[in-house]
Amino acid sequence: MDADNRDILAGAHVATRLPAQDLERARRFYAERLGLEPVDERPGGLLYRCAGAEFVLYRSTGASPGTFTQMAFQVDDIETAVAELRRRGVVFEEVDVPGFRTHDGIAEVEGNYPSSGARGERGAWFRDSEGNLLGIGQPVL
């Protein structure tokens, strides 16, 4: 690869794509449960923006297996975010595996990326109406 083309994607804007078998059901979930409204739409797709990042819900006949985090929101206060989302009907995953356990839906995650300046992270996970696994994280400074 030519050295001049090696970083061709380094300056690109990155946007997540999440499949939805029922786009209207997904729209309602994101509005009613997460408080998010699309900023734009086209046939088969809804565009959302959050603090400069964006994601798209798109009509798909396929579905994610929901075995991994597909998208995560970073928040300043995870307890408040989890409590508010629960109030709106979001159900958080409880995990209890060796070395990783949630307490009241929130896990303490060891370590973080050095560039973040954090020593760890607190995380919580939930599924949207389409089975996509979404996360919420708060860096621990």
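Which element gives the most to the lining of the largest pocket? Keep that in mind as you go.

This is a predicted model, where local features need pLDDT of at least 70, side-chain atom pairs count only at pLDDT 80 or more, and totals for chains, interfaces and linings use all residues. Residues are numbered from 1 along each chain as its sequence is written, and side-chain values use heavy atoms, with hydrogens and water left out.

**Stop one: the rings**

Select F29 and Y30. Their rings pair edge-to-face, 5.7 Å centre to centre with 70 degrees between the planes. (Rings of Phe, Tyr and Trp, the last by its six-membered ring, pair if their centres lie within 6.5 Å; planes under 30 degrees apart are stacked, over 60 edge-to-face, the rest tilted.) Y30 is buried, because its relative accessibility is 0%. (Buried means under 20% relative accessible area, exposed over 50%, partly exposed in between, with a 1.4 Å probe and protein chains only.)

(Helices, H or I of at least four residues, and strands, E of at least two, are DSSP runs numbered from the N terminus.)

With F29, Y30 and F55 they form one aromatic cluster.

**Stop two: the pocket**

Keep F73 selected. F73 also lines the largest pocket, among others with A72, Q74 and E121. (On a 1 Å grid over the protein atoms alone, a pocket is an open set of points where a 1.4 Å probe fits, with protein on both sides within 12 Å along at least five of seven lines; lining residues have an atom within 4 Å of a point.) Finally, select β5: it gives the most to this lining, with three residues.
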